[in-house]
Amino acid sequence: MDTAPLIHMANQIARNLAAQGEAAAIEQTAQHLIAFWDPRMKAGILAADPTPLSPIARAAVERLRG
Amino acid sequence: MGYEPQADFGTPEVRSDTTVTLTIDGRQVTVPAGTSVMRAAAECGGSIPKLCATDNVAAFGSCRMCLVEIDGRRGTPASCTTPAEANMVVHTQTPRLEKLRRGVMELYISDHPLDCLTCSASGDCELQDTAAQVGLRDVRYGYDGANHLGLAPDTSNPYFDFDPSKCIACSRCVRACDEVQGTLALTISARGFASKVSAGQTGDNFLSSECVSCGACVQACPTATLQEKAVKEIGKPERAVITTCAYCGVGCTFRAEMRGEQLVRMVPWKDGKANRGHSCVKGRFAWGYANHQDRITKPMIRDSIDEPWREVSWDQALSFTAARLNAIKAQYGARALGGITSSRCTNEETFLVQKLVRSGFGSNNVDTCARVCHSPTGYGLSKTFGTSAGTQDFDSVMDADVILVIGANPTDGHPVFASRMKRRLRQGAKLIVIDPRRIDLVRSPHIEAAHHLPLQPGTNVAVLTAMAHVIVTEGLAAEDFIRERCDWDEYQDWARFVSDQRHSPEVLEAVTRVPAHALREAARLYATGGNGAIYYGLGVTEHSQGSSTVMAIANLAMVTGNVGRRGVGVNPLRGQNNVQGACDMGSFPHELSGYRHISDAATRSLFEAEWGTPLDAEPGLRIPNMLDAAVDGTFRAIYIQGEDILQSDPNTHHVAAGLKAMDCVIVHDLFLNETANYAHVFLPGSTFLEKDGTFTNAERRIQLVRKVMEPANGFGDWEVTQELARALGLDWNYAHPSQIMDEIARLTPTFAGVSFARLEAEGSLQWPVNEAHPDGSPIMHVDGFVRGKGKFMVTDYVPTDEKTGPRFPLLLTTGRILSQYNVGAQTRRTANTVWHAEDLLEMHPTDAENRGLNDGDWARLTSRTGETTLRVTVTDRVAPGVVYTTFHHPATQANVVTTEFSDWATNCPEYKVTAVQVMPSNGPSEWQESYASWSEKSRRIATEAAE
């Protein structure tokens, strides 16, 4: 699966929520992915190399594992 | 119903808290104070002869036909201009009046062609009726005097003719253009006997003038002077059916006036609550596509998109489709299948498509074309107010004191509502326009915006946050409202955020290019000018920060207390006729009807019980995600009803790649659209004239669509979807769309009180309609926000990833124009092409000169995504550095150029910001020529009989 679009989307979500403060942004980014992403997209980003993810996006993605 | 002209009370309705009682011809009548004697007489069943009066324009008092006598008063005043007064005693039929009226009528008829037997208006002519009403028997003056009978007709407009020889100079057309439409394109030129209705300037005809062909003048004309060509060609209508327009989100109601099975004309219905008897060129005249030769009326299939189509029976088409879908599901799983609902189809049809995907295909991979227009509205207003809809009805604008239009061009996109808005502006409401282009509203007859903020495309959030900065830091916030209606702690957090100096107009000017002083003045006006109403369109939503902009708009409305009453609010102007309805009906992959998340077990169980099947609890794919997944090989089949994603969605090359990668593309449409070039199954669709159902307009108004003729393909679209469901083994047995609405009402709390029977009885209903709001909800959030406390959302400006640079120094923004609609599938197949035969590129004179481009030259438009060519229009409507075009024509395919950047929250494409370069060209690009060739090949239909 091409994960580049998923990485871009996750970073964009995180960046737009960053002004809420780091903790809230991580939580809201994670909730956004849970609420709006199809299972294959969630699986795709969990399997992707996290290096290009911003810190907020990476922390949010980690929450999906839980 | 049979054919009856619409009732005409002569003068407009007056609303007043006080009434007066008077006596007319011995009958007592009570009317609101200010009502004319003419209208009072009409309301008690009387009929005073009239020619220059009609109830959609102000009384004029020129024809001298409506004279009356009033006890205690001298003379014979005109009843149209005389207000009814308490205890007035009026006589409308006396020998004196009869003599006067006959005398005036003699003068009219002495200069009128005596061709009633052959006149196309015979039997539908107020002059003819009035002559009979006043008992005209002869004309003492003869017919040989000076007259206007030799004046040549103007047939330049494609839809109606102007025959000045039949004109009685009543000025109804001129006044309709002024008061109803607000274009002021018509005038009475010259004076005295030479007086003549004229369009535009000397030398103009109707086509070359400022006339926008709304039809208000034609509707107002009491003779055959201004008349639809169709009436001349087909004849007088014999019956009329009330239905709802299938063009934009205004949702105008029309009388479809029929002769046998043939539609003669669409006439705006005076009782329509969305349009109040007005229309635009599309709804009024551009319905010819319904009978266009390009209509496909037989199902077609093919094994591969390289093959020609084969016409087959419905059974063959449905069996073929079901077999392919079942095979794909068996091999790849349910999540490899999906569908797209259409904002052009009815609520019932949309509901069925998402039901088919969820309960038949077994996935939540359903999305709608609202994805590419107003999905950020749903997200933003849901977060802030608690529901995904505008807050007002259209009538509310008449109570607005300050109107803020951002990212919308109502005179082109929503022309009937724009006329109402312009009327309010002419009454003195102030206007703020935030738009990169100088849209027509900025300066038009008797209207001039107090502020036009021509921002750099992509900086909406920065501008709105700067406005919030001004309002908060200058102490203009409505603290009482906020404390009572909103979460105070969240407000304080937000206020601190916007108060930061980095959000000041002065700091952000470098980004927005809006002069700080102008932005400050605009913010002050919105906050302090009385009732402030915000209207917005796709210039807000189709950005990488579309959802943030919607939330920033909601923040502005809350901080100024402009929510929850008439004259204020947040008003998304929906693009297509049923965008609101398509969203309401559960078309998004993450939610069921009524905007309830698919993961909510309680909601899901309601649907599972009703539909008798378990539903997937995980959200499905959005349209762009479907295309990505198709390229990846995990999404293999799609059912697309009434949508042309190849032409309308961004990055055409990527859309084509996604479609091409699928094993089964089912297109259900009126025409072989561009998407159908990649389809394996074509299911012919039906027009709005051919089926029953409902549309929901931008003010949440649910209105009936009524079948006026039999479907050319044999079935309404809801029937086709039902047959597909049956082919897949689902036991669907709807006999009428009303039964689908009953199911929607059972499952959707905001529609609980909606039924076809109620809509028949009441004309329309605005949701929510339920126990808490039994009569519907013209204005929302009156006593509190749907979510409880209004939520201020911090909206930080995040620049788009789409950057200009040396290679692509210009910003392209796209939109639409008055005469065309969306991808043009309908309007390109009408005479509307006379106004817009091709997409044009608007470019500032400086940019054009720098590139050696002149008006009308071919230019190559190139972005990082692709290129196309089109002709240039040089205009200062756009700012230097910005170019603009439309996406109505497949020969241009403007979306070859647009990118896949999208709104962060909803993936609504960023159509409004594409970095481009424009250079001279000598004609269509290589891609355009190869696509045209491929498209022609793909549309082949085999001539041999199907097996």
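**Notes on the predicted model**

1. The model is predicted. In chain B, helix α22 (residues 623-632) and helix α24 (residues 652-661) have axes that come within 8 Å and cross at roughly 55 degrees. That angle makes α22(B) oblique to α24(B), and the crossing of α22(B) past α24(B) is left-handed.

2. Which residues make the contact between α22(B) and α24(B)? On the α22(B) side they are Leu627(B), Ala630(B) and Val631(B). These meet His654(B), Val655(B), Ala657(B), Gly658(B) and Ala661(B) of α24(B). Sorted by class, this contact of α22(B) with α24(B) has six nonpolar residues, two polar ones and no charged ones.

3. Helix α22(B) also matters for reading the contact between the chains. There, 19 residues of chain B are in contact with 16 residues of chain A. On the side of chain B that touches chain A, the largest share, four residues, comes from α22(B). By class, the residues on that side of chain B are seven nonpolar, seven polar and five charged.

4. Chain A has four helices and zero strands, and its pattern along the sequence reads α-α-α-α. Its radius of gyration is 10 Å, close to the 11 Å that the globule rule gives for 66 residues, so chain A is as compact as a globular protein of that length. Taken along the principal axes, the C-alpha atoms of chain A fill a box of roughly 30 × 20 × 15 Å.

5. Within chain A, helix α3 (residues 39-47) packs on helix α4 (residues 55-65) at an angle of about 115 degrees, with the axes 10 Å apart. The crossing of α3(A) past α4(A) is left-handed. The residues in contact are Lys42(A), Ile45(A) and Leu46(A) from α3(A), with Val61(A), Leu64(A) and Arg65(A) from α4(A). The contact of α3(A) with α4(A) divides into four nonpolar, no polar and two charged residues.

6. Chain B contains an open sheet of seven strands with mixed pairing, in the order β13-β12-β27-β26-β25-β14-β15. Which strands stand at the edges? They are β13 (310-311) and β15 (366-368) of chain B; each has a single partner strand, so one side of each is left without a neighbour in the sheet.

7. Strand β25 (residues 637-641) of chain B runs parallel to strand β26 (residues 664-669) of chain B, and five bridges join them. For Tyr639(B), the bridge partner in β26(B) is Ile666(B).

8. Further along chain B, strand β33 (residues 858-863) pairs with strand β34 (residues 867-874); the two run antiparallel and are joined by five bridges. The hairpin connecting β33(B) to β34(B) passes through three residues. Across this pair, Leu861(B) stands opposite Thr868(B) of β34(B).

9. Strand β33(B) has a further antiparallel pairing, with strand β36 (residues 914-920) of chain B, through five bridges. Here Ala859(B) stands opposite Pro920(B) of β36(B). When side chains are inspected along these strands, one point applies: in a regular strand they alternate between the two faces of the sheet.

Conventions. Residues are numbered from 1 along each chain as its sequence is written. Chains are lettered from A and ligands numbered from 1 in the order in which they are written. This is a predicted model: local features need pLDDT of at least 70, side-chain atom pairs count only at pLDDT 80 or more; totals for chains, interfaces and linings use all residues. Two strands pair if DSSP finds at least two bridges between them. Axes are lines fitted to C-alpha atoms, for helices over the stretch in contact, and angles run from 0 to 180 degrees between N-to-C directions. Angles under 35 degrees count as roughly parallel, over 145 as roughly antiparallel, 65 to 115 as roughly perpendicular and the rest as oblique. A crossing is left-handed if the near helix is turned anticlockwise from the far one by less than a right angle, and right-handed if clockwise. Two residues are in contact if their C-beta atoms, placed from the backbone, lie within 7 Å. Ala, Val, Leu, Ile, Met, Phe, Trp, Tyr, Cys and Pro count as nonpolar, Asp, Glu, Lys and Arg as charged, and the others, Gly among them, as polar. The radius of gyration is taken over C-alpha atoms; the globule rule is 2.2 Å times the number of residues to the power 0.38.
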